[in-house]
Amino acid sequence: MGKQTIIPFGPQHPVLPEPLHLDLVVEDEKVIEAIPQIGFVHRGLEKLVETRDYQQFVYVAERICGICAFGHSMGYAETVERLMGVEVPERAQYLRVIWHELSRIHSHILWLGLAADAFGYESLFMHCWRLRERVLDIFQKTCGGRVILSVVKVGGVVRDIDVAQLKYILDVLEGLRAEYEQICRAFLKDTSVKNRTVGVGYISTEDALGLSMVGPFARASNVDYDVRSLGIGAYGQLSDFQPIVSSDGDCYARMEVRTREVVQSIEIIKEMILRMPQGPIAVDVKGAPADGAESSMVVEQPRGECYYYARGNGTKYLDRMRMRTPTSQNLAGMTVALAGCDLADVNTIILTIDPCISCTER
Amino acid sequence: MAFASKSPWVIHYDGSSCNGCDIEVLAALCPGYDVERFGIINTGNPKHADIFLVTGSVNEQNKAVIREIYDQMVEPKVVVACGICACTGGIFHDCYNVLGGVDSVIPVDVYAPGCAVCPENIIDAVVQGVAVLDEKSKALKKKRKEAAL
Ligand code: SF4
């Protein structure tokens, strides 16, 4: 029996660009317990709804997190639209899905890169980030921004994507896909990668359900749940949507699920572009939400289900805006996966759960 | 100290940024912009770093961390505030848990505005930071000489 020691992990740590602090209780090389401490990024932006009116707040919502920025602005806008009973034009819904799926591709590839970095495969990290730049190019061409897009408004979207640009998106994605599949081979077939990921950080289906994990991390533990299959917005128009699941529950499974989701997103975008209806891209929203009106909304963010809640008070300012982000659901699963692992695997496990701290703390 | 200004190593800390600026800082280090070709390398160790890139604003919780990283860095050192949050607090300036820009805790040498700050801007700021680094190392040398006399 060795002596127990506590190794602090973070808040400034090379594998994770974000400040997360963990106290790792270790005995020899085994982690007995991981105690997370968060609170480094808390800004208190939910309270800003009291000083920004409901139309303005879109830009604040977008800055909840820079990786799934588009998803948050969309989620917020849809919540307020529900609150006020606004019907969003079909074309706007399609455009939102295209941008949202593009964000998912960029977020997943970004994460794959960071995961590669965590298990010490730096050239793979660089390749992933090189590929990701292509998606950012699409953003820059269609919205003007690279990470913060500012294209959503309450009632629709601000910009249209014309036919030439739609074709450009298809071309880029086609090229991306070919190269992406090569990279996936490295992630899924390489023996040294497998040595670091297979059987590491196991989370059982019961644990995943019991700890209410969401997103690709739950799906990797065989929880068949994806908000997109509820068919909210233009997702309802998809000819077929099946959540991608795996039953292994280890780091490898989490990686596999996410690699396959990129391809799925490319397919969704293709279908959306082929079926894109004509028409207006926004409706004017006037007035204020009724006093006491409430609404809620779920969106499948790259990291899982995100829940939004809004309550009006008869003025232009919302009474309350609340959200529950995927990482706050998944942190519990992370501590379970960390307990009993080797110290050297801590990086890989944390990265495959991919905590997004700025979403969680806001 | 001339080697430091030719290939400065950077360290990155995320204050309370929304991640937008962090991923742009990383993007600047990756193939699309590839500042590594200028010898700029990202390090996790404050003692190896010459330039401190801070993203996001300061709050009570991370104040001490930023201070600690800054103190651990060896002179001469340069601080670059990346993104409007780090410069002034940005759109979150009136949040209850935001104290303001990074300059409310440590001295900042170069400000790189933008929300999110684009990689070109970061490269620009680092280049300016290198000039500051040169000046600081000259001043340091002079001081040492005078002390030796
Ligand atoms: S400047 Fe903008 S993108 Fe950067 S951290 Fe602040 S809100 Fe996010």
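Let me begin with a term: on a 1 Å grid over the protein atoms alone, a cavity is a set of points where a 1.4 Å probe fits but cannot get out, whereas a pocket is an open set with protein on both sides within 12 Å along at least five of seven lines, and lining residues have an atom within 4 Å of a point. A molecule sits in either one if more than half of its atoms lie within 2 Å of the grid points.

What you see is a predicted model, in which local features need pLDDT of at least 70 and side-chain atom pairs count only at pLDDT 80 or more, while totals for chains, interfaces and linings use all residues. Residues are numbered from 1 along each chain as its sequence is written, chains are lettered from A and ligands numbered from 1 in the order in which they are written, and side-chain values use heavy atoms, leaving out hydrogens and water.

Where does the ligand sit? The ligand is in the second largest cavity, and it lies between chains A and B. The residues around the ligand, meaning those with a heavy atom within 4 Å of it, include A:Arg63, B:Cys18, B:Cys21, B:Cys85 and B:Cys115. This shell divides into 7 nonpolar, 3 polar and 1 charged, where Ala, Val, Leu, Ile, Met, Phe, Trp, Tyr, Cys and Pro count as nonpolar, Asp, Glu, Lys and Arg as charged, and the others, Gly among them, as polar. In chain B, α2 (20-29) and α4 (84-88) each supply at least two residues of the shell; helices here are DSSP runs of H or I with at least four residues, and strands are runs of E with at least two, numbered from the N terminus.

Next, the second largest pocket has a volume of about 340 Å³, a volume being the space filled by probe spheres set on the points, which are joined across faces, edges and corners. Two or more lining residues come from each of α2 (69-84), α3 (90-118) and β6 (294-301) of chain A.

A:Ser296 stands opposite A:Tyr309 in β7(A). Strand β7 (residues 304-311) of chain A is largely enclosed by the rest of the structure, because 6 of its 8 residues are buried, that is, under 20% relative accessible area, with exposed over 50% and partly exposed in between, for a 1.4 Å probe and protein chains only.

Notes. Pairing = 2+ DSSP bridges.
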